[in-house]
Amino acid sequence: MVSGETFLFRLSPDEKCFFWQGSNHYFMMGTHDYFTVGAGDGNFALYIDEMLEKGTSNRSLTFYNDVLSSNSSFNVLTVEVWCFTDETVDESDNVSVTSEKSRQSGQYRGSFYNIR
């Protein structure tokens, strides 16, 4: 059974949250080439390329979301990954996220957080 406990949000120009609408189960997908959240009709609510440099946002059937950025195509500046768990948080949970190309052009940094 699928709970649908997945959502997207944006902070600008206004704070808005988009919840699962029940039309499909395309919550998240990742490969070595990209990471996506939400999909349908050939569009992804959020798409980030393998180098964590470029992204797109479009309306998806999963969330019936608005475009999450000011333009549907954008450059990625920061990546944060959140995990909700019962474990205690300590500083060793922080990790760096890099790729071959980003090492050449300047390292991207991501953070991993456990939230109690």
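A residue is called exposed when its relative accessible area is over 50%. Leu 11, at 59% relative accessibility, therefore counts as exposed. The model described here is predicted. Leu 11 sits in the loop between β1 (7-10) and β2 (16-19). Together with Phe 7, Phe 9 and Phe 19, Leu 11 makes a nonpolar surface patch of about 460 Å². Phe 7, Phe 9 and Phe 19 are also linked by ring pairs into a cluster. The loop that holds Leu 11 is also the place of Pro 13. The peptide bond from Ser 12 to Pro 13 is cis, and its omega is near 5°. In general, most peptide bonds are trans.

The protein as a whole has 1 helix and 9 strands. From the N terminus, the order of elements is β-β-β-β-β-β-β-β-α-β. The protein has 116 residues, and 31% of them count as buried. Its accessible surface comes to about 8200 Å². Carbon and sulfur atoms account for 52% of that surface. Contacts between residues at least 6 apart in sequence were also examined. Of these contacts, 40% join residues at least 24 apart.

Nonpolar side chains tend to be buried together in soluble globular proteins. Here the largest nonpolar core has 11 residues. Its members are Leu 8, Phe 18, Val 37, Ala 45, Leu 46, Ile 48, Leu 52, Phe 63, Leu 68, Val 76 and Val 79. Strand β5 gives the most to this core, with 3 residues. Ile 48 is one of the core residues. Beyond its neighbours within four places in sequence, Ile 48 is in contact with Tyr 34, Phe 35, Lys 54, Gly 55 and Val 76. Val 76 is itself listed in the core.

Aromatic rings come next. The whole structure contains 6 aromatic pairs. One of them joins Tyr 34 and Phe 44, whose ring centres are 6.5 Å apart. The planes of these two rings meet at 40°, so the pair is tilted. Tyr 34 lies in strand β4 (residues 34-40), and Phe 44 lies in strand β5 (residues 43-49). The pair therefore ties together parts that are 10 residues apart in sequence. Tyr 34 is partly exposed, at 23% relative accessibility. Phe 44 is also partly exposed, with a relative accessible area of 24%. Tyr 34 pairs with Tyr 47 too, with ring centres 5.5 Å apart. Their planes stand at 25°, so this pair is stacked. The stacked label follows because planes under 30 degrees apart count as such. Tyr 47 is in strand β5, Tyr 34 is in strand β4, and the two are 13 residues apart. The relative accessible area of Tyr 47 is 24%, which makes Tyr 47 partly exposed.

Thr 6 is found in the segment before β1. Its relative accessible area is 15%, and Thr 6 is buried. With residues up to four places away in sequence left out, Thr 6 touches Phe 19, Trp 20, Phe 27, Met 28 and Phe 63. Ser 57 is found in the loop between β6 (54-56) and β7 (73-75). Ser 57 counts as buried, at 0% relative accessibility. Not counting residues up to four places away in sequence, Ser 57 touches Phe 44, Ala 45, Asn 65, Asp 66, Val 67, Leu 68, Ser 69, Ser 72 and Phe 74. Ser 57 and Gly 38 are 19 residues apart in sequence. Their C-alpha atoms are 9.8 Å apart in space.

Backbone angles were examined as well. Most residues other than glycine have a negative phi. Asp 41 has a positive value, with phi near 55°. Asp 41 is placed in the loop between β4 and β5. Its relative accessible area is 68%, and Asp 41 is exposed. Tyr 64 is not a glycine, yet its phi is positive at about 45°. Tyr 64 is found in the loop between β6 and β7, which also holds Ser 57. Tyr 64 counts as partly exposed, at 36% relative accessibility.

How values were computed:
Residues numbered from 1 in each chain as written. Predicted model: local features only at pLDDT ≥ 70, side-chain atom pairs only at ≥ 80, totals over all residues. Heavy atoms only, no water. Phe/Tyr/Trp six-rings, centres within 6.5 Å; stacked < 30°, edge-to-face > 60°. Helix = DSSP H or I, 4+ residues; strand = E, 2+ residues; numbered from the N terminus. Buried < 20%, exposed > 50% of the residue type's maximum accessible area, 1.4 Å probe, protein only. Core = buried A, V, L, I, M, F, W, Y, C linked by side-chain atoms within 4.5 Å. Contact = heavy atoms within 4.5 Å. Areas by Shrake-Rupley, 256 points an atom, 1.4 Å probe, with all protein chains shown as cover. Patch = residues over 30% accessible without salt bridge, like charges linked within 9 Å, V, L, I, M, F, W, Y side chains within 5 Å. Salt bridge = Lys/Arg side-chain N within 4 Å of Asp/Glu carboxyl O.
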